[in-house]
Amino acid sequence: MATVSVTDISKTYPNGAQAVCPASFEIADGELIVLVGPSGCGKSTLLRMVAGLEDITTGDLRIGDRVVNNLDPAERDIAMVFQNYALYPHMTVAKNMAYGLKNRGASKDQIAAKVTEAAEMLSLTPLLDRRPSQLSGGQRQRVAMGRAIVRDPALFLFDEPLSNLDAKLRHQMRVEIRNLQRRLNVTAIYVTHDQVEAMTMADRIFVLNAGAIEQIGTPSEIYRKPASTFVASFMGAPPMNLLHAQADAGQVRMGDVALRMPCADGAVQLGIRPEEVSFSPMGEVPFKLTLVEELGASRLLHGKVAGQDFVVNAPNDDAPLADGLMLSFPAESLHLFDAQSGKRL
Amino acid sequence: MKRAAFSQPLMPVALLMPQLIIIAVFFYWPAWEAVYSSFFLQDPFGFGASYVGADNYTRLARSTEYGKVAGFTLFFTLVVTFLSLGIALLLAVKADKVIRGAKTYRTLLMWVYAVAPPVAGFLGSLLFNQNIGPITDLFAFFGYDLQIGLNYNDTAFAMITVSVWKQIPVNFIFLLSGLQSIPVSVREAALIDNQSGVRRFWDITFPLLAPTAFFLLIINITYALFDTFGIIDIMVKGNPASNPITLVYKVYTDGFRGNDLGGSSAQSVVLMVLVLLLTIMQFRMLERRIHYT
């Protein structure tokens, strides 16, 4: 258990490519942080820098009250779960879990007790004598978890641990990892490209884009108040609708649609989530329907608003979908972004 | 596997024929000839042969000279295998860690592999040449007179050195590719689990390298037993009398110098049995024991 404190940390490769722009943040004891972003945004690099698998170009990294920049990964008191599990193929499940403890000078009895306890927690007891090649993907995932928890590390690192599992297992393991982390109360950093994982698991989410942290916030902050069009369109499924508009004398205009909104004049992007618009005969925005996707509980209506792509997530009430639908945009659900920088206004 | 159907029953046989003929002519026929003639005593001038039963074998078993050569062969094989594998492993591990200029470095190390075996043997013999060999000069500098082809131990030393030198690149290539096929994330997991690089190597890297290493072990034993013929021939300069030789070389000298075809055949049969045992061991171990995935 420990806090993590990062000051102006950055990573530049020898060829000049900057993988992580200088960033500073603090992680509280027992907190689960999710780093989320598209491929190549630097989230894995950042995690690997914390693990000690990548050099830190500038800045300080503290785990607990130690600066660990120049410590070997084994000295940092961390445990990591890899995307492809990285189990030792020639060792049994029990030995896989015991290896890290053995090298830290734990006694045989201690090791046995820890392994038994972890195996029970993860329902691995009947599999302890098997080799990784004799396990299913989900079981390997559990062993990788077990290998991390037997060590009682100060910090857990997860590098997209669920991306090799099928959808059902992924959901199950997601809940399990979250429960385990709460129960053990260990600080954790979790990397994923899956925004659902990020939303459901995180205490706080760090959204990364092109090596820089775009926004740090709780899942609900990220969802309710995205700091930029990037965050708005990355978090949430389907993503937030973004409409190019012109702000002019207290009005936001898109083609022939105008909404009353206090805003400085200029080009803006108007954002609204697909699930927060509703159909209403009193609505002021005409919607031209082109395609319907059935989701079961709801349906996604694809269409156009003022000539721009727009998606509505409407409850599936079997209402007939006719032409000439009108949408109403609740004022509290509207987000305004600068058209150039994409920053929230 | 898909079963192919041939309308002509002789077609598959005809298709296999070229391969079968090659195997029969170049492998089974000579092997049979060796077994057959090992039970005969040949006239040195080729006028006839008389059946002597197992005499050639019992003579071998009683011969102190054969025992001595077998002893040296064992020593030679063990030392050459150990050194060529050990040095190649060290080089491969170090080359694997090189980050800057890795490709150039590896290419340079592998170049030696492109040197043809007779050329390598010749180069080796030049290095140990009595008059101009730099290694001979080096020993002379320290006051030791290296006499290849005259002194038993000196010749053995030169034979081993050249044989090891010649085999290192082959082992290096295999071991390096074996090292690089170990998943990066497994090594990184080990990095987090164990601080000591040496222990990580023996606990994680080496066991994962074991399939490659075992394959190379067999290859190297075979190499030291059989393929070092050319090197030995150059070193002993056709004068095996007081020099160390291996079993294969003895087959050649007894058969073609001593004209004892029967005894030489019996020796080849012994070697054939040895190869057979090695092959069985390789299949047993490689197929069953050392694979993980």
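**Figure 1. Burial and overall dimensions of chain A.** In this predicted model, chain A has 345 residues, of which 39% are buried. Its C-alpha trace spans about 75 × 45 × 35 Å along the principal axes. If you like to start with secondary structure, chain A has eight helices and 20 strands.

Figure 2. Where the two domains of chain A touch, five residues of domain 1 are in contact with five residues of domain 2. On the domain 1 side of this contact in chain A, there are two nonpolar residues, three polar residues and no charged ones.

**Figure 3. Strand β1 of chain A and its two partners.** Take a look at strand β1(A), residues 4-12, which pairs with strand β4(A), residues 58-63, in the antiparallel sense over five bridges. In this pairing, Val4(A) stands opposite Ile63(A) of β4(A). Strand β2(A), residues 18-27, also runs antiparallel to β1(A), and six bridges join the two. Thr12(A) stands opposite Gln18(A) of β2(A). The hairpin of β1(A) and β2(A) has five residues between its strands, and Gly16(A) takes a positive phi near 95° there.

**Figure 4. The contact between chain A and chain B.** How many residues does each chain bring to the contact? Chain A gives 20 residues and chain B gives 15 residues. On the chain A side, the elements that give two or more residues are β6(A), residues 78-81, and α2(A), residues 93-102. Strand β6(A) supplies the largest share of that side, with three residues. Sorted by class, the chain A side holds 12 nonpolar, five polar and three charged residues.

**Figure 5. The largest nonpolar core.** In soluble globular proteins, nonpolar side chains tend to be buried together. The largest nonpolar core of this model has 134 residues. Which of its residues touch the most other members? They are Ile33(A), Val34(A), Leu35(A), Met80(A), Leu157(A), Tyr190(A) and Val207(A). Helix α7(B) provides the largest share of this core, 10 residues. From chain A, the core draws at least three residues from each of domain 1 (4-233) and domain 2 (242-338).

**Figure 6. Helices α4 and α7 of chain B.** Two packed helices are described by the angle between their axes and the distance between the axes. For helix α4(B), residues 102-111, and helix α7(B), residues 152-180, the axes come within 8 Å and cross at roughly 145°. From α4(B), Arg106(B), Leu109(B) and Met110(B) take part; they meet Pro169(B), Phe172(B), Ile173(B) and Leu176(B) of α7(B). By class, the contact of α4(B) with α7(B) has six nonpolar residues, no polar residues and one charged residue.

Notes:
Residues are numbered from 1 along each chain as its sequence is written. Chains are lettered from A and ligands numbered from 1 in the order in which they are written. This is a predicted model: local features need pLDDT of at least 70, side-chain atom pairs count only at pLDDT 80 or more; totals for chains, interfaces and linings use all residues. Two residues are in contact if their C-beta atoms, placed from the backbone, lie within 7 Å. Helices (H or I, at least four residues) and strands (E, at least two) are DSSP runs, numbered from the N terminus. Ala, Val, Leu, Ile, Met, Phe, Trp, Tyr, Cys and Pro count as nonpolar, Asp, Glu, Lys and Arg as charged, and the others, Gly among them, as polar. Axes are lines fitted to C-alpha atoms, for helices over the stretch in contact, and angles run from 0 to 180 degrees between N-to-C directions. A nonpolar core is a set of buried Ala, Val, Leu, Ile, Met, Phe, Trp, Tyr and Cys residues joined through C-beta atoms within 7 Å. A residue is buried if 20 or more other C-beta atoms lie within 10 Å of its own, exposed if 12 or fewer, and partly exposed in between; C-beta atoms are placed from the backbone. Domain bounds come from an automatic or database domain assignment. Two strands pair if DSSP finds at least two bridges between them.
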